[in-house]
Amino acid sequence: MTDIASGAAPATRTSRPPPRGEAGAIGWLRKNLFGGVGDGLTTIVLLALLVWGLWGFVEWAVVNANFSAKSGPECTANSPGGACWAFVRDKYRLIFFGTFPFEQHWRPLFACIALFAMLIASCDRRFWNWRLAVIWLAGSGVALTLMFGGVFGLSFVETSSWGGLPVTLILATYGLAFAFPLGILAALGRRSKLPLIKSLCVGYIELIRGVPLISLLIMASVMLPLFLPSGFTIDKFLRALVAVVLFAGAYIAEIVRGGLQAIPKGQYEAADALGLGYARKTFFIVLPQALQVVIPPLVNTFVGFFKDTSLVLIIGIFDLLNAGEQAIVDRNWSGFANEIHVFLAMVYFVMCFAMSRYSKYLERELNKGVRR
Amino acid sequence: MARDLSNAQTVIELVKVNKWYGQFHVLTDIDLKVRHGEKIVICGPSGSGKSTLIRCVNRLEEHQEGVIAVSVDGRRIELTNDVKNIEAIRREVGMVFQSFNLFPHLTILHNLTLAPIWVKKTPKKEAEEIAMSLLQRVRIPEQAMKFPGQLSGGQQQRVAIARALCMRPQIMLFDEPTSALDPEMVKEVLDVMIELANEGMTMVVVTHEMGFARSVADRVIFMDRGEIVEQGPPTEFFANPREERTRTFLGQILHH
């Protein structure tokens, strides 16, 4: 009955569970943290360091912190050695919305909410069809109407008055949304057999990658107007956006190219043999597999560019980080730059960490079934 | 199995086909006519050009000299660089690969329906019905919602055959369909191919399965160093091969 060699079906032979290790929390601790004298010592020392460092921060950030002072000197007097969160409380509207007309701050607030809703909805794979276009049109329509105004009785607000979180979100969202297809096209073009298309794409990618983003932004802001006929201007914000798109596109192209190279030749041949033709082969067979392979480096680039949008400061646009820097300058609160920076770091971290977690989830989702 | 096909229409015609990989001459003056309903087995040592030959028929490889023509709906279409001609021929010619080449990111059903829906513009529902009936024929309808990676090699190859059949091709090319399979799975794939042959499909099969050649083929072709060395009905081919090279090859693969 237990003779495996005779080829008995698994149901008829007695199978037993694998041997049990040291189960439970104690077993886990013993195995992973206190496996030996060296392990144990390392664990204790590291834990001590962690507690010590963390306690210092908690003391500063929570225990001795001040949440209600009206000015910097008051903070220093009332809560020595503590964080002055009152400063952030006083300035959060400037940080989040920059120089947008103060009494109109509800507009960028709802614009940000619309953008976040649009981005979160886009994460759901059930919407990855025509609905995605509807979601983006609706989200973008609401957000941009709120930001620009000029209709429905909203006063018109120029892009030069925009600032803070909506600027970061708009630059990153639309910068990457346009850069992504551009990068895919450039990557496909770089592998094209047609010499003209190929050299055009290689030229674009290599040229852009060989230049710092800052110089591209300066070119877009200072040099471009010189070439345009007088009286003809393109909005500064739009120029910055185009620079970000071009720059991110080149990086995305190289990542996607890596994915394309990972697709076995047999996949192309099978698609060819079925008569799918170039466009359908690329869209249905090659790209889905190539993009899945490059999710980790792609998200890495997305996170990087989300933060790099801060470089638009160079041409006088105030995104989240730069609006925060503006807040620090206030004489009333001099000496509390750390609080603003910690606060900004947390805001950035929340958004970048969310992207990172989503990419993990997406990798798992797309691997379902493919892996054994 | 040899039948009189001399009155059947010619569906594939190769005239003085030559091909080089760089300086290497892979196909030398290949002349070949395949008639409607004919089953041809091509054998030969590795590197003899047999795979290259059938891959030229649907333009996975480009030949440099000679003419390759395929009959599509009674029209004789020559392979040129004209993409229209290539696509017309590919719609008519199904292919099964040694390494299956299923699309790993699509379910089995989606693997089967993709080309009919997008190339032939078959309505989705109809394409799915055709796909399911073909999966029934290759005896794995229960796997329709799984992904290729979850199937055994034999099952994957049967799916690959069904996928090619979904396009309703007039001709099927098989490029060593059982060479990548574990021994116990070879039979399930050969059984499907034999069924297909019995239904009258025109087949060109590159294989080392001489049992299959004996029972199914109308004609066996032996290739070596890029040339067709010898061809004939299997009874003749296996009983009295004329050429020394054929005898050596058969000696090597039949009794080791």
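How many residue pairs are in polar contact across the interface of chain B and chain A?

Analyst: The model is a predicted one. Across the interface of chain B and chain A, seven residue pairs are in polar contact, both residues of each pair being at pLDDT 80 or more. On the side of chain B that touches chain A, helix H2 (83-92), strand E6 (93-96) and H3 of chain B each supply at least two residues. H3(B) gives the largest share of that side, namely three residues.

The contact as a whole takes 21 residues from chain A and 26 residues from chain B. Together the two chains bury about 2,000 Å², and 62% of this area is on carbon and sulfur atoms. Two salt bridges are counted between chain B and chain A. In one of them, the side chains of A:Asp272 and B:Arg90 meet with an N to O distance of 4.0 Å.

Aromatic rings may be considered next. Over all chains, the count comes to 15 aromatic pairs. One of these is formed by A:Phe247 and A:Tyr251, a tilted pair with 5.2 Å from centre to centre and 45° between the planes. Both residues belong to helix H10 (residues 236-261) of chain A, where they are four residues apart, about one turn of the helix. A:Phe247 has a relative accessibility of 7% and therefore counts as buried, whereas A:Tyr251, at 32%, counts as partly exposed.

A further pair leads back to the interface. The ring centres of A:Phe284 and B:Trp118 are 4.7 Å apart and their planes stand at 45°, so this pair is tilted. It joins two chains, because A:Phe284 lies in helix H12 (residues 277-293) of chain A and B:Trp118 in helix H3 (residues 108-118) of chain B. A:Phe284 is buried, with a relative accessible area of 17%, because buried means under 20%. B:Trp118, by contrast, has a relative accessible area of 36% and is partly exposed.

Elsewhere in chain A, one aromatic cluster is made up of A:Phe96, A:Phe97 and A:Phe343. Within chain B, rings also meet charged side chains. The charged end of B:Arg163 sits over the ring of B:Phe103, at 4.5 Å from the ring centre. B:Arg214 lies over the face of B:Phe238, 4.5 Å from the centre of that ring.

Two residues of another helix of chain A complete the account. A:Thr43 is located in helix H2 (residues 37-63) of chain A. With a relative accessible area of 13%, A:Thr43 is buried. Not counting residues up to four places away in sequence, A:Thr43 touches A:Leu33 and A:Phe34.

A:Trp60 is also found in helix H2 of chain A, and is partly exposed, with a relative accessible area of 21%. Leaving aside neighbours within four places in sequence, the contacts of A:Trp60 include A:Ala65, A:Gly81, A:Gly82, A:Ala83 and A:Trp85. Among the contacts of A:Trp60 are also A:Asn338, A:Glu339 and A:Val342. A:Ser199 is 139 residues from A:Trp60 along the chain, and the C-alpha atoms of these two residues are separated by 57 Å.

Definitions and conventions:
Residues are numbered from 1 along each chain as its sequence is written. Chains are lettered from A and ligands numbered from 1 in the order in which they are written. This is a predicted model: local features need pLDDT of at least 70, side-chain atom pairs count only at pLDDT 80 or more; totals for chains, interfaces and linings use all residues. Side-chain values use heavy atoms; hydrogens and water are left out. Rings of Phe, Tyr and Trp (its six-membered ring) pair if their centres lie within 6.5 Å; planes under 30 degrees apart count as stacked, over 60 as edge-to-face and the rest as tilted. Buried means under 20% relative accessible area, exposed over 50%, partly exposed in between (1.4 Å probe, protein chains only). A charge sits over a ring if NZ of Lys or CZ of Arg is within 6 Å of the ring centre and within 35 degrees of the ring normal. Contact means heavy atoms within 4.5 Å. Buried area is the accessible area (1.4 Å probe) that two parts lose on being put together, summed over both. A polar contact is a pair of N or O atoms within 3.5 Å; within protein, one must be able to donate a hydrogen and the other to accept it, and residues adjacent in sequence count only if both atoms are side-chain atoms.
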